[in-house]
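Here are some notes for a colleague who is looking at this structure for the first time. They are set out as numbered points, to be read beside the sequence and the model.

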Amino acid sequence: SGDPVLIAPDLDDIALYALFFFFFGLILSGGGDVDPCLYGATPIPQVSGVDARRDHTEVTLARWALAEGKPLFGICRGLQLLNVACGGVLYQDVSEHDGALTHAYYPDYPHDYLAHSIEIAPGSRLALLLDKSSAQVNSLHHQACRVVAPALRVVALAPDGIVEAVEVPDHPFALAVQWHPEALPDAAESKALFGALVKASTAQRAAA
């Protein structure tokens, strides 16, 4: 198992790197919307919960983790943040995507409600971890990837074409999913994802 450590969003970059140096894995968790200014857009009314300090901290950590080969796992906002950190663009609201399904199943449904299926790219890290080509996932987001950064590979899609998972090729472990596996703790898929992060982080520690 891994020991989680929370990172304050108001550290300067020197203090932040001092912490990052001693970490062996990084989780980018869910939360409020990523500031649209980070990808050159003007906020629309649906944007909420923006925290510029958190955005800066997580973009910085994500870039360091990618550059230094540290394991990284993104969840919901974490996938969107990773995309932006690598130069991608977001839908500020999934309604901007033609033919979009409902993806924000809150607060009317419990967080573990399996809202829709995903199709998983054959041969991807995600497919190997889950040992399947499709799955049912929960859905608690209103933003999504619009333009996927060149450094990222799309490895899962919702039925409407919304990006549900990305990974970074040739990185020891850099994977992000649009759903919330932490809200599905008993699911084999969730255990596989978090287990893979812990395994990769343990390997990182052993190599340090």
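1. The second largest pocket has a volume of about 230 Å³. The grid points are joined across faces, edges and corners, and the volume is the space filled by probe spheres set on the points. Sixteen residues line this second pocket, and Gly31, Cys76, Tyr106, Leu140 and His141 lie nearest its centre. By class, its lining has three nonpolar, eleven polar and two charged residues, where Ala, Val, Leu, Ile, Met, Phe, Trp, Tyr, Cys and Pro count as nonpolar, Asp, Glu, Lys and Arg as charged, and the others, Gly among them, as polar.

2. The model is a predicted one, in which local features need pLDDT of at least 70 and side-chain atom pairs count only at pLDDT 80 or more, while totals for chains, interfaces and linings use all residues. Residues are numbered from 1 along each chain as its sequence is written, and side-chain values use heavy atoms, with hydrogens and water left out.

3. Most residues other than glycine have a negative phi, and most peptide bonds are trans. Cys76, in the loop between β2 (72–75) and α3, has a positive phi of about 55° although it is not a glycine; helices (H or I, at least four residues) and strands (E, at least two) are DSSP runs, numbered from the N terminus. Tyr106 is joined to Pro107 by a cis peptide bond with omega about 0°, and Pro107 is found in the loop between β3 (89–91) and β4 (116–120).

4. Asp131 likewise has a positive phi of about 55° without being a glycine, and its place is in the loop between α4 (125–130) and β5 (134–137). Are Cys76 and Asp131 buried or exposed? Cys76 is buried, with a relative accessible area of 6%, whereas Asp131 counts as exposed at 70% relative accessibility; buried means under 20% relative accessible area, exposed over 50%, and partly exposed in between, with a 1.4 Å probe and protein chains only.

5. The largest pocket has a volume of about 960 Å³. Of the 26 residues that line it, Asp3, Pro4, Val5, Gly25 and Ile27 are the closest to its centre. The elements giving two or more residues to this lining are β1, α2 and α5 (188–207), and the largest share, six residues, comes from α5. The lining of the largest pocket comprises 15 nonpolar, seven polar and four charged residues.

6. Helix α3 deserves a separate look. Nine of its nine residues are buried, so α3 is largely enclosed by the rest of the structure. This helix is followed by Gly87, whose phi is positive, near 105°.

7. Finally, the aromatic rings: a search of the whole structure finds eight aromatic pairs, counting rings of Phe, Tyr and Trp (its six-membered ring) whose centres lie within 6.5 Å, with planes under 30 degrees apart called stacked, over 60 edge-to-face and the rest tilted. Tyr17 and Phe20 form a tilted pair, 5.6 Å centre to centre with 40° between the planes, and both lie in helix α1, three residues apart, about one turn of the helix. Tyr17 is partly exposed at 29% relative accessibility, while Phe20 is buried, with a relative accessible area of 2%. Ring pairs link Tyr17, Phe20 and Trp64 into a cluster, and Trp64 lies in helix α2.

How values were computed. On a 1 Å grid over the protein atoms alone, a cavity is a set of points where a 1.4 Å probe fits but cannot get out, and a pocket is an open set with protein on both sides within 12 Å along at least five of seven lines; lining residues have an atom within 4 Å of a point.
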